[in-house]
Structures are given as C-alpha cells and as structure tokens.
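Subject: Structure handover

Hello,

Please find the structure below. Notes on what was found in it follow.

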Amino acid sequence: MNVIGLDIGYSNLKLAFGDSAEGMKTAIRPAGAAPADRFGSRFDGKAQDDFLHVLVGEEPFVAGVSSDQAAMWERSLHAEYANSPSYKALFHAGLLMSGMTDVDVLVTGLPVHQYKDESLRAALEKKFVGKHRITPKRTVEIAKVKVVAQPIGGLFDMIDQDDEAKPQIDDDARILVIDPGFFSNDWVLIADGQLQMRSSGTSLHASSVVLEQAGILLAEEHGVKPTVESFEKAFREGKNSILVAGQRVDISPYIEQASKSLASITTTSILTSLRAEKMSPDVIVLVGGGTEFFREGIQEAFPRLQVVSPKQPVLSIARGYWLLGQV
C-alpha cells in the first residue's frame, strides 16, 4: 500500500512516504513556491538544479525553495494558506518527491482551530482526492485522504519511537501535545484515548513571530533589521550567525530573548484552555519545527511535568501522518 504523510508548513515542506511493506522514507524542503517567471538566473549562468518544477493549473511554478528567492511574490502567511496557489504548488511538489503515480492513502493535517470546522476538513479531502496533473508529463492519482489535527501526527511519531522497555508515555496518561509551527502554535489534549477538543486550540504567537521579534531586538543594537528568511536560512544550514550590514552577528541571544517573551504568551493560552479539565496533563509531547524556541518556556509553565520530544521533531508530524495512513 502506497502511503504519503504530507505536512505542508509555512516554512518547510515535510514528507514521509513509502510502501507499507517496505517502510518509510522522509524528505524536507523549504516551503517557498511561486510562478516560474518570478525566478531569475544564477549569477554564474549555471542552471538552478535544486528547483522542483510543477504545474498549478496550466501555470508553471517552482516549489521547495527559500521564500525569498522569488521576485515580486509575497509568501502566504495567513489562515487561507490552504487555498493559495503556493500551497497547491507545494502539494504537487510533495507528490513529485514521493515518486509515486498511485497513492492509496494520503494523510495531512490542519491547525486545530481549522480542524474543528468540519467543512474545512471536507474541503481539503475533496481537494486532494482524485487525479492531479503535477507536471506536463506526470499525473498522480490519490484514492483516499485523511485529514487530522496537526499535533496528532507528532503524537503517533512519539509513540512509535518510545522505548518498549521504558516508555516515556504511559498508556493511561493524559497527554498534552504541543506543535510550535511557523504560523501557529497548536495543541491538543488526549485523555482516555479521546481528543478533548474544548481543551485544544491554536495561538498565532508562533515561530515566525519569534524571528520577527528577534530581528527587532538585533536592529536595536546593530542598526539593521534582518529578514525572517535570513534567520530561516541560518537554521536550515546549522549556523548560529548571519551577516548584518557586512558584519557576522551571533543570533543566539536575540532568539533566546524573543523566545522567552513569546513562550509566556503561548503557555498562558494553553493554561487557559485547560481550565475546564478536572485533572492536569501527565506528560507533554513537544513536536514540530519550533520545538527549541518554546521548550524552556513550556517547561517553566509546567514544572512538575516531563516534556518529551521525538527525534528530528521537525519531521515528526509527517512521520506520524504516514503511520496514521496504516491504520
């Protein structure tokens, strides 16, 4: 059975794919996508060999690149992202990366506040099921689509990685799953195996806001405000510094300061949503690409609880989606 777990984020496109019998493969690309004519040529005249070329309708798009590579094209950083041409381009890019032409099950997700709207879930399922012409010569057919609340994928991934001899998550535990994404912070509470929707929610004080605030703090001392994309590029390349007006600057203290201020706002929202619960969570599972921005603040808000994360948390949602496709 061909299964794809597709996590189309605002910063990264994450993919888990493969035949059920053969196991999972994963891939990650930047979540930039724009019409092909918005991209210039390299300064040295060489071809851009890292571009993924797809169609959106009949229009050629380039996808899977840094958001700042396209000229005269604004990245989609809003709640209607799933209806944007960039989102569709990234969807087609994910199908292209999988190498599949027939997909038995595709699993994807929505932020918690959107997942609560049944019509939005149904619309996304309808959008993804069926045949998709992703390039002039390639069509992919998807037989079945599952749409879940985004943090659920991370929980499945965490359980899959748990040590059977000494699991970090007890079968009877009340589990708070927090997914700090680029556009939104999402959380769900699982109790008695059930998703407690009234205690689950979304905050827009997410990773993009952390990076924006870090840029403001850096500008106060260095005179120039770097773009959010420059921070993203540094993280992708494993660097702790960026060039600011010709000077290389350590970004760690600015990220740390911005993270602390934003984490307190997010944890307040989470604590407020948990007021209806008679019992506190037993464990917190922290997943997603913004995990390290918020870990310290979340631990401080829940000092008595264990905060755990799967390996490579940036891919955890997609991996969990693939596992859900087997169910």
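Domain bounds here come from an automatic or database domain assignment. The model is predicted, so to speak of local features pLDDT of at least 70 is needed, and side-chain atom pairs count only at pLDDT 80 or more, while totals for chains, interfaces and linings use all residues. Residues are numbered from 1 along each chain as its sequence is written, and side-chain values use heavy atoms, with hydrogens and water left out.The protein chain is assigned domain 1 (1–150 + 315–324) and domain 2 (169–308). Their C-alpha centres lie 24 Å apart. Contact (heavy atoms within 4.5 Å) involves 21 residues from domain 1 and 19 residues from domain 2.

Between domain 1 and domain 2, about 1500 Å² is buried (accessible area, 1.4 Å probe, lost by two parts on being put together, summed over both). Carbon and sulfur atoms give 63% of that area.

On the side of domain 1 that touches domain 2, helix 2 (112–115) and helix 9 (316–324) each supply at least two residues. Helices are DSSP runs (H or I, at least four residues), numbered from the N terminus. Helix 2 gives the most to that side, with three residues.

Regards
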